[in-house]
Amino acid sequence: MDLEEEAYNIIRRHKDGVFQNVIWKELDIDSRKCSRIIKKLLDKDLIIREVGVSNGARTYLLKAKEEVKEKYDLLLSGDMFSACTGCTGDCEPEYCGRLSEWIGNLMVEEAEEAGEVEEAEDMDVEAEDEDKFKEEI
């Protein structure tokens, strides 16, 4: 891992920001080299730099920029895009099979993230049974 990457990781670890002098001390480099690394991170638009004071000395408070999540990510459930996006069907959401499948997929995903794998598999089976029942009606 190069110094630039290490510096960026240090900044990201400190959610409220970290003083630049802490970084050059932690990386065991001189302040000039640290300034060059910070400039590269600023040029790449990865961090924000604010003037600050640490132990009576003027320094910079550095913060990582928040990663902006793509807006369409909220419409994804695994590889499945929201059933209602672009849908031209005239249906009632309570009885829409595609929407139910998408919501079921969200529930399975959430359960898997929480480590409830067995429950997630049960939910998946229940969703399949529900779809078969709806098809019969």
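**Labels and their criteria**

Mentor: Let us begin with the rings: in this predicted model, the count of aromatic pairs comes to zero.

Trainee: Why is the charged end of R49 said to sit over the ring of Y60?

Mentor: The charged end of R49 is 4.3 Å from the centre of the Y60 ring. The cut-off is 6 Å, together with an angle within 35 degrees of the ring normal, so the distance of 4.3 Å meets the distance condition.

Trainee: How do you know that K25 sits over the ring of W24?

Mentor: The charged end of K25 lies 5.7 Å from the ring centre of W24.

Trainee: What makes the largest nonpolar core a core?

Mentor: Its 14 residues must be buried and joined through side-chain atoms within 4.5 Å. Those with the most contacts inside it are I11, I23, I38, L41 and I47. Helices α1 (3-13) and α3 (31-43) each supply at least two residues of this core.

Trainee: Which residues does I38 touch, beyond those up to four places away in sequence?

Mentor: I38 touches I11, Q20, I23, I47, R49 and L62. Each of these is called a contact because heavy atoms lie within 4.5 Å.

Trainee: How much of the protein is buried?

Mentor: Buried residues make up 26% of the 137 residues, where buried means under 20% relative accessible area.

Methods:
Residues are numbered from 1 along each chain as its sequence is written. This is a predicted model: local features need pLDDT of at least 70, side-chain atom pairs count only at pLDDT 80 or more; totals for chains, interfaces and linings use all residues. Side-chain values use heavy atoms; hydrogens and water are left out. Buried means under 20% relative accessible area, exposed over 50%, partly exposed in between (1.4 Å probe, protein chains only). Helices (H or I, at least four residues) and strands (E, at least two) are DSSP runs, numbered from the N terminus. Rings of Phe, Tyr and Trp (its six-membered ring) pair if their centres lie within 6.5 Å; planes under 30 degrees apart count as stacked, over 60 as edge-to-face and the rest as tilted.
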